[in-house]
Amino acid sequence: MSQVHVIVQKISDKFDLVVNPIISAIKGFVQEVGYIALFAGQSVRLLFAKPNRYGEIIKHMEFIGNQSVGIITLTSIFTGLALSFQVYLGFKLVNATDLVGPTVALGISRELGPVLTGLIVSARAGGAMAARLGTMRVNEQMDALDVMGINTKQYLIAPRIIAAVICMPLLTALFDFMAMFGSWFLCTKLVGLDHAVFMSKISNTVEIRHINEGLFKAAIFGFMFAVICCYKGFNTTGGAKGVGEATNGGVVVSMVSIIILDYFIMNLIRIYYLIAGIA
Amino acid sequence: MESNEQKYAVILDDVKKTFDGKEFVLKGVDLKIPRGSLTSIIGFSGTGKSVVLKHMLGLYRPTSGRVLVLDKELTTLDDDALTAFRCNYGVLFQSAALFDDLTVLENVCFPLEEHRRQLTKAQIEAIALEKLKMVGLDPKHNHKLPSQISGGMQKRTGLARALALDPEILIYDEPTTGLDPILTEMVDNLILETHRARPGTTSIMVSHDLNAAFGIADFVVMLDAGKVLLSGTAEDFYKSDLELVRRFVDKGIKH
């Protein structure tokens, strides 16, 4: 009996050794998600609170939007070129090269446009947000705002969230346009497809709702990366090391979240179309 | 007739604070800071000076006890009321905590732009320039960024910003920590001059610098292990037989 007891005890110890870290990791994850949701809720409550922060919103829009135009333009053109070439090679095998344009257009407007824009902007602007807020935290600048009677979330966080939500669809629209320009250039100038066929196939297939889908997703991605990066920066502890960790954490969590959330939003949109009876 | 509480700018009444629910950082702090005085809070590292300060600023809420500042019980104020109430403070941080993307002048204008919205830009700048002049900062530095001026100038700018709203309570959080002796003396003199120039303003200085604490402060409060060990004038400290006080006084003061 005592031998059985020992074996049971050993199994129990091994089980604890394996399960406890998993449980604590899940607990930590759920807790973190809860804190981020709470942070998002508090920030959203302050989005339209007085005093107005139009100046701050425009300043952050300039940073998130205007300063991302170059990188978005460059990456989108090459995304369009590369994607079109791969699709062209595949469709050539089945003599369906006429469909390269609409396939790329649908893929870009619904998926690649918002997702790649989200990833690029969260890495560039989200990382900078987390680093900036983290530096303000460790340098006591946030404490200074607090003791000046300024609501730090209203002053620092809410304008960044609004700016990201406004800029992301605009940048995604730019991405879509430039990627399709890249696609058009490859198809009509490099591999010799007909311009009229390329354009007519796209206009027959792609509807405005496909583009809107992508823009809607982009706004959600903007909200998400702004909240996550601001949360990480706002709660920075531990000096320069902490700022580095906050920046890294903000960017990684934002990027992973964008890719995961994209799948769920895509399905929600499908369900909406089914309910609304849209083909 | 002035009540007992009205004599004091800050009252901490049996304030206890724990962050983890087990270990108490403050174990029942009783503290009264008279209005218009320059009071210095001293103590070894880790004795709870910063935690006491953050309670006075309403940045921390006590686990138990009361915190009264200018007759308002901070523990009863909600977050929005507390944020508004903080206009009564001016704080000079250890690092000066200037906003690094704003110039010296813009840093001083900032609290005025936030809280004196009825003023024009020209009026705000005039007040900011007056405050910068008061702390003795050469006007040629007004349009420089904080990274382009020295540590002493940053302290002056930080003090000018703290004074911008004419606060009733001025708080200096370890203003001379990490500074060289000459700069330390300059900052000490600046604190004393600022206090004398503003009768009625209560100044509270948290410091390791005993020369400043005993040299310029009207009252000194010594914390140890989350409690007030001794409070009184410099004379009370010199006369004290408490061993910790003796060690602190003997080793800390350069005659």
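Predicted model: local features only at pLDDT ≥ 70, side-chain atom pairs only at ≥ 80, totals over all residues.
**Helix 3 of chain A**

Step back along the chain and select residues 69–93. This is helix 3 of chain A, with 25 residues. From the first C-alpha to the last it reaches 36 Å, close to the 36 Å expected at 1.5 Å a residue.

Now colour its buried positions. They are Ile72(A), Ser76(A), Thr79(A), Gly80(A), Leu83(A), Ser84(A), Val87(A) and Tyr88(A).

**Chain A as a whole**

Zoom out to chain A. It holds 9 helices and 0 strands. Read from the N terminus, its elements run α-α-α-α-α-α-α-α-α. The radius of gyration of chain A is 24 Å, well over the 19 Å that the globule rule gives for 279 residues, so the chain is more spread out than a compact globule. Orient the view on the principal axes: the C-alpha trace of chain A spans about 75 × 70 × 40 Å.

Buried residues account for 39% of the 279 residues in chain A. Take the contacts in chain A between residues at least 6 apart in sequence: 88% of them join residues at least 24 apart.

**Where the chains meet**

Display the contact between the two chains. Chain A supplies 11 residues and chain B supplies 15 residues. Colour the chain A side by class: 4 residues are nonpolar, 4 polar and 3 charged.

**Chain B as a whole**

Cross over to chain B. Here there are 9 helices and 10 strands. Its radius of gyration is 18 Å, close to the 18 Å that the globule rule gives for 255 residues, so chain B is as compact as a globular protein of that length. Along the principal axes, its C-alpha atoms fill a box of roughly 55 × 45 × 40 Å.

Of the 255 residues in chain B, 42% are buried. Among contacts in chain B with a separation of 6 or more, 66% come from residues 24 or more positions apart.

Focus on strand 1, residues 8–18 of chain B. It pairs with strand 2 of chain B in the antiparallel sense over 8 bridges. Pick Val15(B): opposite, in strand 2, is Val29(B).

**Strand 3 of chain B**

Move to residues 38–43 of chain B. Why is strand 3 described as largely enclosed by the rest of the structure? Of its 6 residues, 6 are buried, so the rest of the structure largely encloses it. Check both faces. Leu38(B), Ser40(B) and Ile42(B) are buried on one side, and Thr39(B), Ile41(B) and Gly43(B) are buried on the other.

**Strand 6 of chain B**

Select residues 89–92 of chain B. Tyr89(B) and Val91(B) point one way from strand 6, Gly90(B) and Leu92(B) the other way, and all are buried. Strand 6 runs parallel to strand 7 of chain B, joined by 4 bridges. Pick Val91(B) to find its bridge partner in strand 7, Ile171(B).

**Helix 6 of chain B**

Finish at residues 181–197 of chain B. At 1.5 Å a residue, the 17 residues of helix 6 should span 24 Å; the end C-alpha atoms are 24 Å apart, which agrees. Highlight the buried residues: Val187(B), Asp188(B), Leu190(B), Ile191(B), Thr194(B) and His195(B). They cover an arc of only 155° around the axis, which puts them on the same side of helix 6.

Turn to the other side of helix 6. Pro181(B), Ile182(B), Arg196(B) and Ala197(B) are exposed there. Last, show what the buried residues of helix 6 pack against: strand 3, helix 5 (151–163), strand 7 (169–173), strand 8 and helix 7 (210–216) of chain B.

Conventions:
Residues numbered from 1 in each chain as written. Chains lettered and ligands numbered in written order. Contact = placed C-beta atoms within 7 Å. Nonpolar A, V, L, I, M, F, W, Y, C, P; charged D, E, K, R; others polar. Buried ≥ 20, exposed ≤ 12 C-beta atoms within 10 Å, placed from the backbone. Helix = DSSP H or I, 4+ residues; strand = E, 2+ residues; numbered from the N terminus. Expected span 1.5 Å × (residues − 1). Arc of directions from axis to C-beta. Rg over C-alpha atoms; globule rule 2.2 N^0.38 Å. Pairing = 2+ DSSP bridges.
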